[in-house]
Amino acid sequence: MKNIGSNEVVQRYVKALHSLTLEQNKDIKIKKDLSLISALIEKNKEFKKIIFSPLVTPKKHQEILKLVSKILKMDQVTENFLFLLAFNKRLILLEKIIKFYNEVSSKNKDTINIEVILPSKISKKDKSNIENKLKSNVKKKTKINFIEDK
């Protein structure tokens, strides 16, 4: 039951952010900022621990996010959105929010997101072959994300 509630919360945050980015014509910049945050969470385990820790105060989260925002040169909209999540103690939902934002954002552009789950690492040539095969079978623009199953 809790998962359903969190999905509704994620959808509300994404809807609000997406409408704001469209209104200000910053959709591409915000999407880029969110992908940078996502990559940072994925690559830096310490950052991930701190951001998702319920023991860290919202004020401390905001200080950390301010530094990260400055380093990554994020847009003010992205920074304010992350501050809002920290203030409301919703940073734990950040990964879901980013994923859902990308889905919503690409729906508007007739882009299909495809996730390919791989049992192990493959070469760039194999990735390219898979991408070409998928793109030839799908008539819309595609964004292919390769995920290594661990």
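**Notebook: salt bridges and nonpolar cores**

I began with E63, which forms a salt bridge with K60, the closest N and O atoms being 3.4 Å apart. I note that the model is predicted. Both E63 and K60 belong to helix α4 and stand three residues apart, about one turn of the helix. I looked up their accessibility: E63 is partly exposed, with a relative accessible area of 39%, and K60 is partly exposed at 44%.

I then turned to K66 and E79, whose side chains meet in a salt bridge of 2.9 Å, N to O. K66 is in helix α4 and E79 in helix α5, so this pair ties together parts that are 13 residues apart in sequence. K66 is partly exposed, with a relative accessible area of 44%, whereas E79 counts as buried at 7%.

In helix α3 I found K49 and E46, three residues apart and separated by about one helical turn. They form a salt bridge, with the closest N and O atoms 3.7 Å apart. K49 has 56% relative accessibility and counts as exposed. I recorded six salt bridges as the count.

Next I examined the nonpolar cores. The largest has 28 residues, and I37, L85, L94 and I97 have the most contacts inside it. The elements giving two or more residues to this core are α1 (2–23), α2 (27–43), α3 (45–52), α4 (58–72), α5 (76–87) and α6 (94–107). Helix α5 gives the most, with six residues.

How values were computed: Residues are numbered from 1 along each chain as its sequence is written. This is a predicted model: local features need pLDDT of at least 70, side-chain atom pairs count only at pLDDT 80 or more; totals for chains, interfaces and linings use all residues. Side-chain values use heavy atoms; hydrogens and water are left out. A nonpolar core is a set of buried Ala, Val, Leu, Ile, Met, Phe, Trp, Tyr and Cys residues joined through side-chain atoms within 4.5 Å. Buried means under 20% relative accessible area, exposed over 50%, partly exposed in between (1.4 Å probe, protein chains only). Helices (H or I, at least four residues) and strands (E, at least two) are DSSP runs, numbered from the N terminus. A salt bridge is a side-chain nitrogen of Lys or Arg within 4 Å of a carboxyl oxygen of Asp or Glu.
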